[in-house]
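Student: I have a structure open and would like to go through some of its contacts with you. Could you take my questions one by one?

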Amino acid sequence: MPKKGGRHVEMGKEMQAQCKRAKVDAACSPSVLNFESPDNLFSSLISPIKQEVFFKEYWEQKPLLLQRNDPLLAAYYQSLFQLSDLKELCSQGLYYGRDINICRCVNGKKKVLNKEGKVNYMQLKKDFDQKKATIQFHQPQRFKEELWKIQEKLECYFGSLVGSNVYITPQGSQGLPPHYDDVEVFILQLEGEKHWRLYKPTVHLAREYNVESEDRIGSPTHEFILKPGDLLYFPRGTIHQADTPLGISYSTHVTISTYQNNSWGDFLLDAIPGLVFDTAKEDVALRTSIPRQLLMQVDIADSTKKLSSLLRRLADRLENTRELRSSDMKKDFIMNRLPPCLGCDSDPLTPGGKLPKIDSQIRLQFRDHAIMTVEPDQENSVSIMKAPSLQMLGGECRGESHMMGTEDDTASEEGTAQVCSRLHTQMLRCHQIWSSSTIYVKELNLISDEEKENLALSLWTECLIEVI
């Protein structure tokens with residue numbers, strides 16, 4: 001899964017036209033997935049397996065193979081991305097490394113065959129046909145609206161960034177050596193057939209990508225052929241390799257991956273600094289000095305007893321607290337997730353409809369794209385934060401930098417404040433709006449009707465709420 005992050009940037013006319021073409025393409029094959037809600041989307045994606053069964057028996061535990069033999073599903077999967085799409089996409093200005101990799105597994109090792117600069121379609125097709133190279137297309141949701149819709153709903157469902165890659169492999173060839181990944185993976189077979197072999201993990205729920213040698217992994221635990229419309233899931237750490245059988249002209253599949261750096265360990269690394277900072281304000285034990293020359297020592301055995309005691313004090317405080325402040329994980333997710341897919345020809349997202357009045361009934365707009373946080377050191381101060389991507393929706397198709405990374409991955413605090421809308425309101429219990437499907441403005445916990453109307457108007461102006 002490519003590096004997360006990257007600022008959203010303005011898109012040119014070529015990308016706008018490209019998005020509109022993608023929308024037309026998707027309309028050619030009716031969706032067989034249920035986009036009414038994130039929950040419904042995931043249920044339809046793993047059908048006929050029920051969600052409860054999936055999370056109890058498969059998630060982070062073992063692979064799931066769904067071989068469906070459903071012509072409607074096969075046609076829909078094929079519409080998501082095809083080999084024939086590459087010629088048109090290459091004309092839009094794709095680059096080796098950033099957008100496309102070409103590679104082949106040779107003697108158990110990955111051989112990268114990338115050229116320099118822009119991708120030339122004729123050269124790409126030549127390498128595909130003559131060198132039997134696999135084409136890896138990074139983050140196709142940037143160009144395919146239906147994939148965008150799927151991934152956006154899955155990001156809402158998991159609360160984690162969701163990436164994708166398309167792999168197109170000619171017959172009798174294999175693109176990647178046996179390896180495992182640091183993400184939960186869903187494979188959708190789009191065209192042709194692919195021969196898969198899965199192996200027992202050497203590192204359960206791995207935190208990083210790694211190649212494994214054939215002589216270490218033993219015999220496959222699973223071996224099968226994926227056909228159009230089939231779905232495969234396997235947990236991070238599952239060793240796998242896949243090839244296109246002889247007699248099959250080529251195979252196209254898309255990997256949809258999530259939960260990168262999203263473990264309890266990652267959450268603790270993210271949240272503990274804030275817990276320590278807050279606890280130290282009230283607990284003098286954490287403010288006492290460390291022993292002289294501790295930082296100069298390699299062996300700190302004499303200090304471990306003290307550290308253990310302090311950790312127990314933190315654990316005691318944690319049991320009695322209702323909130324943990326996330327410093328980076330929440331920010332990374334809200335700043336880099338996909339915006340709602342409103343269609344590439346929609347009007348800019350600006351306040352519309354009726355103005356909220358004291359008797360108006362309101363609700364959150366794009367509920368799954370708003371996050372409520374309590375600001376530190378500001379009693380009774382609440383912030384509703386919406387993804388910067390929401391501010392950038394409109395006549396241009398968005399999401400071009402989603403999961404791609406750039407040379408400037410870290411925005412300044414000033415830049416973050418500019419693109420991330422924060423509305424601070426005193427004496428407001430924002431969970432009223434957050435926890436209710438709808439609420440009347442007059443029911444807001446503010447003193448005067450004027451304050452209630454002003455708050456509602458502020459939220460409406462920021463496109464965070466709508467009047468029913």
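Student: Which residues does Ser 251 touch, not counting those up to four places away in sequence?
Tutor: Ser 251 touches Tyr 167, Ile 168, Thr 169, Gln 189, Glu 191, Gly 192, Glu 193, Lys 194 and Thr 244, where contact means heavy atoms within 4.5 Å. This is a predicted model, in which local features need pLDDT of at least 70 and side-chain atom pairs count only at pLDDT 80 or more, while totals for chains, interfaces and linings use all residues. Residues are numbered from 1 along each chain as its sequence is written, and side-chain values use heavy atoms, with hydrogens and water left out.

Student: And which side chain has a polar contact with that of Ser 251?
Tutor: The side chain of Gln 189 does, at 3.0 Å; a polar contact is a pair of N or O atoms within 3.5 Å, where, within protein, one must be able to donate a hydrogen and the other to accept it, and residues adjacent in sequence count only if both atoms are side-chain atoms.

Student: Is Ser 251 buried or exposed?
Tutor: Ser 251 counts as buried because its relative accessibility is 0%, and buried means under 20% relative accessible area (1.4 Å probe, protein chains only).

Student: Switching topic, which residues touch the most other members of the largest nonpolar core?
Tutor: Leu 86, Phe 186 and Leu 188 do, in a core of 49 residues; such a core is a set of buried Ala, Val, Leu, Ile, Met, Phe, Trp, Tyr and Cys residues joined through side-chain atoms within 4.5 Å.

Student: What is Leu 86 in contact with?
Tutor: Beyond its neighbours within four places in sequence, the contacts of Leu 86 include Phe 81, Ile 100, Tyr 121 and Ile 168.

Technical notes:
Buried < 20%, exposed > 50% of the residue type's maximum accessible area, 1.4 Å probe, protein only.
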